[in-house]
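Student: I would like to go through this structure with you, beginning with a single residue. May we look at the model together?

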Amino acid sequence: MKMLIRSLFAVICLGLPAGAWAQLSLPHFFSDYMVLQRERAAAIWGKAEPEAEVTIAFKGKTATAKADAKGKWRAEIETGAADAQGAEMKVTSGDKTLTLADVLVGEVWLASGQSNMYFTMNRVPAYEELMSKADYPALRMFNAPLVTAEEPQEDIEGEWSLCSPETVPGYSAVAFFFALKLHQDLGIPVAVLKTCWGGKPVETFTSREALNTLPGTKLMVDKLMQEAAAYDQATADAQYEKQLETWKATMAAAKGKSAEQRKRLPKKPAAPKPPLLTEGKPGVLFNAMINPFAGYTMRGAIWYQGEGNAKAGAVPYDQTLPLMIRDWRERWGDDFSFYFVQLANYRAPSTEPGTQDYWALLQDRMRHILETTPKTGMAVINDVGEVADIHPKDKMTPGYRLARWALAKDYGRDLVYSSPLYKSSEVKDGAMKITFDHVGTGLAVRGDGDLKRFEIAGADRVWHWADAKIESKDSVLVSSPKVKQPAAVRYAWASNPEGANLVNSEDLPASVFRTDDWDDVEPKEGPASAKGQEDRRAKAAEIRELNEKLSKMEKGSAEFLALRKKIQALLVELKAMAGGK
């Protein structure tokens, strides 16, 4: 009801003169049931009449601010200790007062990323019983909608909800388990501002101003602005109508045929959007879904993303994610904690050493972010992924492993918070000694048997599966009879390093790592290379264009049959370019 009233108010205001709509207002996330960060001066902002004075009253304390010439104002009010007893906050200007009900004081976190952070509780049947008992009124979440914007926005729709069996099915599963662990261990209110969108790369969550400071990402922005300048809605609509008609014809032709005869049917084409309003483009989701929250006083952020950047030609993730972190921290004016999930194991397990793998490369670049960017942490989950699903059903494990970082680093708990991380290496008697940080009381082998997924190479850069054994509390000795003079070691270097079993005393799995900096991790040629992907895209575009031409020809004519034969040949070529048999 409250959101409906706000929407009606916005519609009414559109018809008023410019000076008449400067009413006292707050962004949607300053509303009933919100949670304020404890023991801080919490920022509150909004709009009022130009030059008007605004007063905030909360739990016996007040703060004042004066609106500027455009009616914008901002104030900070001391929150005190955590408090699960809901209180009213009153925001007053002149004869107008906004009253926010059931406001708590506790810990506030922002959760963002792509589909694995967006992934909701109701998608996991195993969580049904847990959800039926999830009555935690002091655990709250603000779910932001999926929206885009050309320019940075100051507000975003959405509302706060109390965690209950009715609301928890729509909660981000990773964010819920993270918040639940903090809530239960700390015994205080915990809130999450959830703002994420599936399938989107890190650069869309970063401002274009920040992206312009890095050569690789500046090229993305330049390309976007060129696309925006060349975009014509009428032309785009006409092309869409053609694509839609082709799709309809294809679907009609497939009707009544067997699955084998139909083969793979195309997806329905999406309606065109201006580039600056297209989700996934550089800065677009920052404008719409991050900037509105900038300045909300909080403890930190959790992040689960990277799948959209594990590809050929991507700007290295240990450049792009730190860029986004710095950007956010500058916007907030706060070096808040930032904890992220390393990508899970995925795809069919590899069976040979020396794999060229973008997935493992991105995972390893994530590890390096811990070394270069302060107040960051990483939850390693290379033990919970699924072969055929990029969205692992186990979201409790990453949520709880993120919470370990927060409990140790932000709340002073004495616990092992990190997986084993590569520290150093040295050649020792024809073997390579690898030393690790974060071992707890000592490294261990999960399950029975020997350590697996270690590989070793000499100066010839030929990789071999290695023999590995725990030598001391924090070290592993790696060797192979095929490598007399070891030069490099890698561990879990694959999209799915099945069998990787090095853990610490808390059973946290060791992260992927490599001791070398060789350039053999990315294919230089072939289907997985950047050029290979570009060639496939060009071939696919040619096929689409010919299919459009085919749809306008008389079926059964000599011209029709000749073109169809050409398209079939091109499809064979496309499959071969992708490595198909």
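Student: Is isoleucine 77 buried or exposed?

Tutor: This is a predicted model. In the model, isoleucine 77 has a relative accessible area of 1%. Burial requires a value under 20%, so isoleucine 77 counts as buried.

Student: Which strand does isoleucine 77 lie in?

Tutor: Isoleucine 77 belongs to strand β5, which runs over residues 72-78.

Student: And what is isoleucine 77 in contact with, leaving aside neighbours within four places in sequence?

Tutor: The contacts include Ile44, Ile56, Ala57, Phe58 and Met89, and also Arg40, Lys61 and Thr62.

Student: What does methionine 89 touch, not counting residues up to four places away?

Tutor: Methionine 89 touches Ile77, and its other partners include Met34, Leu36, Leu98, Leu100 and Val103. Ile44, Ile56, Ala57 and Phe58 are also among the residues that methionine 89 touches.

Student: Which members of the largest nonpolar core touch the most other members?

Tutor: They are Trp73, Met89 and Trp328, in a core of 73 residues. Another core, of 44 residues, lies apart from that one, and Val190, Ile302, Ala379 and Tyr417 are among its members.

Student: Changing topic to helix α6: how many residues does it have, and how far does it reach?

Tutor: Helix α6 comprises 16 residues, 215-230. From its first C-alpha to its last it reaches 23 Å, close to the 22 Å expected at 1.5 Å a residue.

Student: Which residues of α6 are buried?

Tutor: The buried residues are Thr217, Val221 and Leu224. They lie on the same side of α6, because the arc they cover around the axis is only 60°.

Student: Which residues are exposed on the other side of α6?

Tutor: Pro215, Leu219, Lys223, Gln226, Ala229 and Ala230 are exposed there.

Student: What covers the buried residues of α6?

Tutor: The cover includes α5 (208-211) and α10 (317-332).

Student: Now the whole protein. How many helices and strands does it have?

Tutor: The protein has 14 helices and 23 strands.

Student: What percentage of the residues is buried?

Tutor: Buried residues account for 49% of the 581. The protein exposes about 27,000 Å², and carbon and sulfur atoms supply 51% of that area.

Methods:
Residues are numbered from 1 along each chain as its sequence is written. This is a predicted model: local features need pLDDT of at least 70, side-chain atom pairs count only at pLDDT 80 or more; totals for chains, interfaces and linings use all residues. Side-chain values use heavy atoms; hydrogens and water are left out. A nonpolar core is a set of buried Ala, Val, Leu, Ile, Met, Phe, Trp, Tyr and Cys residues joined through side-chain atoms within 4.5 Å. Buried means under 20% relative accessible area, exposed over 50%, partly exposed in between (1.4 Å probe, protein chains only). Contact means heavy atoms within 4.5 Å. Helices (H or I, at least four residues) and strands (E, at least two) are DSSP runs, numbered from the N terminus. The expected span of a helix is 1.5 Å times one less than its number of residues. The arc is that of the directions from the helix axis to the C-beta atoms. Accessible areas come from the Shrake-Rupley method with a 1.4 Å probe; for residues, only the protein chains shown count as cover.
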